[in-house]
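Colleague: I would like to learn how to read aromatic contacts in a model. Please take me through this one.

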Amino acid sequence: MKIRTRLTLSMGVLIVFIMLVLLAVTHVQFYITRDLAYLEEKEAFESLRKQFEQYYRSNGNSWENIRSARFESAAPFVEIVLSAEGQILYQQGEQSADELRSDGYMLALDQGDQRIGRLYVMNEQQYKIHEFKTMWYGMLPNIGIASLLFTGIAALLTILLLSWRLTSPIRKIINGIKTIKQGGTSAVFPEHRKDEFGAISRALREMNDSLAEAERTRKQLMSDVTHELKTPLMIIQGELELAHETGAPMTADKQASILDEVLRLSRLVHDVLDLSRLEAGMTELQPKEENLVALLEDLLAKTRFMAEDKEIQLSLHAEDEVILVSVEKFRILQALYNILTNAVYYTNTGGQIRIHVETVHLPDRQQQYARIRIEDNGAGISEEDLPHIFDRFYRADYSRARPGGGTGLGLAIAQHNILAHQGLVEVESGVGEGSVFTIYLPV
């Protein structure tokens, strides 16, 4: 059912309900006004009742000949009807007994504990109220038809306006979704509105932007992976084609070169898959309690030969001999290894790299953290490159070839591994001043 149809039905039901409520309120108001008139002339009503009861007692507990009786207290009343034992015994006025029973004020007549009859009366004020009520109910059908006609026209115009106002943003949202579905990037949503439609539009815009960003990231990833695969594949292809064309046996150096490129391809594929699983949250950690100082000592032992090749001094400074953290050993070592080897690569010959580890309290966190600072005095990172160093395949200096076939994914994998452990990683750097990577892990 369309919104316009629902609005029409709802408005019709509302109009009928309002009419019924007004009718009920008017009906009740008549009786309230009648009873208020009794309260204003209560003494006259009570005097009339007493005279009728006195007549019954003085006539031997009988209403005989009541039709010819005269009552002094009856003067203020326009209509009087006496009903006893289911019969009309006395009547004064022009109204029928049924009308008076319906609209007159009832006075109960009692003799001790015995009900001897009922009086239905109207004074002048109550009679006028009765006349007005009769006139009102006589005019009510015409008034109702006219009211329904005018309110129906007004309701129809209101519905058309409301439905247009309601369905217009919905149509724009639907058209925008169709544009997105067809692959368009120029979807228009009523984001300027301050109501729920505006909120929906902004949410759809954010979703569309996220999807567009994800698509751009996917295309960029494909481009970067293709670029990284291209070089080693061309080297391997060139070496094999040359060997095939010349027919000469491949030397040990050529075989070693091809093996290096194959290993580089293997590392690249492994790193891309690893990073994809980390970004998708598909990697389940199995943390255990580990001594962070011992892990760092093990890491330095594995990377010291790389530093010695460049005569770089590696040193570890720990606050305590034992700092316990709950981590998955392989993942955290992978992150620290990638950051440390990156520092070795960008530190000049004869430089130094210092690692500091201690426990600290962060101002916005309740939990205690282990802080690892990896400081080098290498080339440093420019302000333009600093926000992007954890991006996939991002390199601050594309003119330099990476020894050992670096994939450009090391820092991205390191960041995701640290974040997966509920940790943080920060970088401070300046060109020519070196870099400081600070890692926080929950103790």
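Modeller: Start with the cluster: ring pairs link F52, Y55, Y56, W63, F71 and Y90. This is a predicted model: local features need pLDDT of at least 70, side-chain atom pairs count only at pLDDT 80 or more, and totals for chains, interfaces and linings use all residues. Residues are numbered from 1 along each chain as its sequence is written, and side-chain values use heavy atoms, with hydrogens and water left out.

Colleague: How is a pair of aromatic rings described?

Modeller: By the distance of the centres and the angle of the planes. Rings of Phe, Tyr and Trp (its six-membered ring) pair if their centres lie within 6.5 Å. Planes under 30 degrees apart are stacked, over 60 edge-to-face, the rest tilted.

Colleague: How many aromatic pairs does this rule count?

Modeller: The count comes to 13. Among them, F52 and Y90 are edge-to-face, with 5.5 Å centre to centre and 75 degrees between the planes. This pair links distant parts of the chain, 38 residues apart. F52 is in helix α2 (residues 42-58) and Y90 in strand β2 (residues 87-92). Helices (H or I, at least four residues) and strands (E, at least two) are DSSP runs, numbered from the N terminus.

Colleague: Is F52 buried or exposed?

Modeller: F52 is buried, with a relative accessible area of 0%. Y90 is buried too, at 6%. Buried means under 20% relative accessible area, exposed over 50%, partly exposed in between (1.4 Å probe, protein chains only).

Colleague: Which aromatic pair is stacked?

Modeller: Y55 and W63 form a stacked pair: 6.4 Å centre to centre, 15 degrees between the planes. Both Y55 and W63 are buried.
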